[in-house]
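Here is a walk through a few spots worth a look on screen. Have the sequence and the fold open side by side as you read.

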Amino acid sequence: MHFTLRTHVAAPPAQVWAGFTRELFLALAPPFPPFHLLRFDGCRRGDEVHIELGVGPLRKPWTSLITDHGVLPDGTYYFVDEGQILPTPLRFWRHRHLMQPAPGGGTYIVEDLEYRTGLGVLDVLMRPVMWAQFAWRRPIYRRWFGKPRAH
């Protein structure tokens, strides 16, 4: 399953890229499922992020590896995290984070997400939940990086 979400913020792409810190990662966490951050190296190729989802005996590990990062010729900053250890029912996870220059100023933060469970029907059923988890980030991004002015 694949989807993208785009959020316009006021800060330029380089500033948004620099703002993808441990603190922002924690601020972006939705209220459910509960999670505990075990490790956050950063957003550069080779960095890792380790979390536990859930509570008590229901805790499940999730480890992501940053497999790529850089700046494209158009000034878009990006990094890609790919799941290495995933909680059930996920079997595949790739999340591209793009920070594109927006016409007229600011940045489009693009969440480009691909996931699979191994069951097409389950992928479809999970889509609204996954979309909501990432739509949750929009007002947080605007608080951190500024709301763009209306044109």
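Start with a charge on a ring: the charged end of Arg116 sits over the ring of Phe92, 4.0 Å from its centre. Arg6 does likewise with Tyr108, lying over its face at 3.9 Å from the ring centre. To count here, NZ of Lys or CZ of Arg has to be within 6 Å of the ring centre and within 35 degrees of the ring normal.

A word on the model: it is predicted, so local features need pLDDT of at least 70 and side-chain atom pairs count only at pLDDT 80 or more, while totals for chains, interfaces and linings use all residues. Residues are numbered from 1 along each chain as its sequence is written, and side-chain values use heavy atoms, with hydrogens and water left out.

**Aromatic rings**

How many aromatic pairs does a search of the whole structure find? It turns up 10. Rings of Phe, Tyr and Trp (its six-membered ring) pair when their centres lie within 6.5 Å; planes under 30 degrees apart are stacked, over 60 edge-to-face, and the rest tilted. Two of the pairs look like this:

| Pair | Type | Centre to centre | Between the planes |
|---|---|---|---|
| Phe20 and Phe79 | edge-to-face | 5.3 Å | 70° |
| Phe25 and Phe35 | edge-to-face | 6.0 Å | 90° |

Helices (H or I, at least four residues) and strands (E, at least two) are DSSP runs numbered from the N terminus. Both Phe20 and Phe79 are buried, where buried means under 20% relative accessible area, exposed over 50%, and partly exposed in between (1.4 Å probe, protein chains only).

Phe25 lies in helix 2 and Phe35 in strand 2 (residues 35–40), so their pair ties together parts 10 residues apart in sequence. Phe25 counts as partly exposed because its relative accessibility is 22%, and Phe35 does too, at 25%. There is also one aromatic cluster, formed by Trp17, Phe20, Tyr77, Phe79, Tyr141 and Phe145.

**Glu111 and its neighbours**

Tyr141, from that cluster, also meets Glu111: their side chains make a polar contact at 2.5 Å. Another polar contact, also 2.5 Å, joins the side chains of Glu111 and His95. (A polar contact is a pair of N or O atoms within 3.5 Å; within protein, one must be able to donate a hydrogen and the other to accept it, and residues adjacent in sequence count only if both atoms are side-chain atoms.) Glu111 belongs to strand 7 (residues 107–116). Is Glu111 buried or exposed? Buried, because its relative accessibility is 3%. Leaving aside residues up to four places away in sequence, Glu111 touches residues including Phe3, Leu5, Arg96 and Phe134, contact meaning heavy atoms within 4.5 Å.

**Helix 3**

Phe134 is one of the buried residues of helix 3; Asp123, Met126 and Met130 are among the others. The buried residues of this helix pack against strand 1 (2–9), strand 6 (92–101), strand 7 and helix 4 (137–145). Helix 3 (residues 120–135) also has a kink of about 40° at Arg127, shortly before Pro128; the bend is the angle between axes fitted to the seven residues ending there and the seven starting there.

**Ser64**

Last stop: Ser64, in strand 4 (residues 60–71). Ser64 counts as buried because its relative accessibility is 6%, and its side chain makes a polar contact with that of Trp62 at 3.1 Å.
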